[in-house]
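Hi everyone, thanks for coming.

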Amino acid sequence: MTTMTTAERRNQIAARIADSFTHRASAFAIRNAQRIDARGIAEQAWVICENGVIAETGADDTASPFTELAESHGIGSAQIIDAHGQLLVPGYIDIHAHGAWGNSFDDGPHGIAMARAGHMMHGTTRQVCSLITNPFDVMARNLRNVRDAMRMRPDILGAHLEGPFISPLHKGAHDPACLCDPTADRVDSLLEAADGCLRQITIAPELPHGMTAIARFARAGVVPAVGHTDADYATAVRAFDAGARLMTHLFNAMPGLLHRKPGPIPAAVEDPRVSIELINDGFHVQNPVLRLALGFAPQRTVFVTDAMAATDCPDGAYKLGGLDVRVTDGHARLVSNGAIAGSTLLLEHAVQRAVLELGMAPASAVESATLSPARVFGFDRANPITDAPLGLVAPGYAADLLLLDAATWSVQHVWCAGRQQR
């Protein structure tokens, strides 16, 4: 008997996930769960899903007639999953990740499918595909690839451009030869290539055309993010007033928080319009600072992974764009200068760390990986991209659901748009 290799098995999983979206979602129900979302915790909870949307929710200790409702939706006993007390949470949403399973979102259709599968299997049901700085024609091509994939499957929400409009002083793992100023012609060329798929773009607002670019992207429906920047406090305030609504990975690739030189961080924290990305791996930001940061902006903290191709893979040699990366003990660094080169974090582990290691309230931790990222793009309400809103286990919301082990918070089962993926 031939044993399937890891690569073969993962290719098979990626193909199965992609194929699932070509079929209509089946009706199903889950009961006997502990439901946790941004609104709090409900015991003995149940949910009924139909056509990829949550139709009904309730709890067995109320008067809600679960059996009658399930039957009215055509759900028989074979379509009812007994959660046996597992945690029922909304599907995780990662708005800043570059890849997984040895592939990047820059690697064309196959790379997109593989990287998405790697995150899907760990509970990230929806994803904004982050693209690294590259020559302009390459970035335009990569945008078109994400656009095409987005039109074929609902789990891909669009693209995030992390560059090329970032500061050479805080470039991180981006190729300095490809960095440039966001002039009007460059902005327009990227918007044209994206053709509606660009969800967010990281910009250093202090660049000569940074403020005008932020305003132009915001008018086009793209969320500008302040990041990879040397901006001071006043410049960051101006950027948020110009239309930036996000801060790219808080603390990383920006001036630190100093008492007489505050920098951009307080500008984001004090502005209720701004959401704040946080890489909760204990490496990009160490635990004592993470505990402080979790209290900075409740409901506006967004867990992201910044995950690169080595995510859910062994240590070794990898690529980030055209740059060589070495992963040791799960930490990715550029071979050339030792700079941190993204992460190998999964949102599954970010939520686990938040609850089990940092002591974050369960509902708040789940919110940071579900409703908070959905809010950034207006996906927490009906919209033309996702149709049904994302981020809660509530009637009318997309049937993006996870069952987690109640003790370890590890992902056991995954549904995206009503299709079971794990």
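**A walk through the model**

Let's start out at the surface, with D329: this residue is exposed, with a relative accessible area of 65%. Keep in mind that we're looking at a predicted model. You'll find D329 in the loop between β17 (323-328) and β18 (331-334). Its phi is near 55°, a positive value in a residue other than glycine. Why point that out? Most residues other than glycine have a negative phi, and most peptide bonds are trans.

There's another one like that. F251 also isn't glycine, and its phi is positive, near 85°. It sits in the loop between β13 (246-247) and α8 (264-269). Is F251 buried, partly exposed or exposed? With a relative accessibility of 21%, it counts as partly exposed, since the cut-off for buried is under 20%.

And then the peptide bonds. G163 and P164 are joined by a cis one, with omega about 10°. P164 belongs to the loop between β10 (156-162) and α5.

Okay, on to helices. Two packed helices are described by the angle between their axes and the distance between the axes. Take α5 (residues 184-194) and α6: their axes come within 10 Å and cross at roughly 25°. An angle under 35 degrees counts as roughly parallel, so that's what we call α5 and α6. The crossing of α5 past α6 is right-handed. Which residues meet there? From α5 we have V187, D188 and L191, and from α6 we have A213, R216 and F217. That contact has 4 nonpolar residues, no polar ones and 2 charged ones.

Now stay on α6 (residues 210-219) and look at α7 (residues 233-242). These two pack at about 25°, with axes 8 Å apart, and they are therefore roughly parallel as well. Here too, α6 passes α7 in a right-handed crossing. On the α6 side, M211, I214 and A215 make the contact, and they meet T235, R238, A239 and A242 of α7.

Let's go inside. In soluble globular proteins, nonpolar side chains tend to be buried together. In our model the largest nonpolar core has 102 residues, and those touching the most other members are Y92, I95, L143, F165, L198, F217 and F303. Helix α4 (residues 136-152) gives the largest share, 6 residues. There's also a second, separate core of 17 residues, with C49, L392, A394 and L403 among them.

Zoom in on F303 for a moment. Leaving out residues up to four places away in sequence, its contacts include L347, A350, V351 and A354. Those four are buried residues of α10, which brings us to that helix. Of the 11 residues in α10 (347-357), 8 are buried, so the helix is largely enclosed by the rest of the structure. What do its buried residues pack against? The partners are β6 (92-97), β9 (124-132), α9 (287-293), β15 (301-304), α11 (362-369) and β20 (411-416). After α10 comes G359, with a positive phi near 80°.

Last stop: S130, in strand β9. Setting aside residues up to four places away in sequence, S130 touches I95, H96, A97, H98, F105, D106 and H160.

How values were computed: Residues are numbered from 1 along each chain as its sequence is written. This is a predicted model: local features need pLDDT of at least 70, side-chain atom pairs count only at pLDDT 80 or more; totals for chains, interfaces and linings use all residues. Side-chain values use heavy atoms; hydrogens and water are left out. Buried means under 20% relative accessible area, exposed over 50%, partly exposed in between (1.4 Å probe, protein chains only). Contact means heavy atoms within 4.5 Å. Axes are lines fitted to C-alpha atoms, for helices over the stretch in contact, and angles run from 0 to 180 degrees between N-to-C directions. Angles under 35 degrees count as roughly parallel, over 145 as roughly antiparallel, 65 to 115 as roughly perpendicular and the rest as oblique. A crossing is left-handed if the near helix is turned anticlockwise from the far one by less than a right angle, and right-handed if clockwise. A nonpolar core is a set of buried Ala, Val, Leu, Ile, Met, Phe, Trp, Tyr and Cys residues joined through side-chain atoms within 4.5 Å. Ala, Val, Leu, Ile, Met, Phe, Trp, Tyr, Cys and Pro count as nonpolar, Asp, Glu, Lys and Arg as charged, and the others, Gly among them, as polar.
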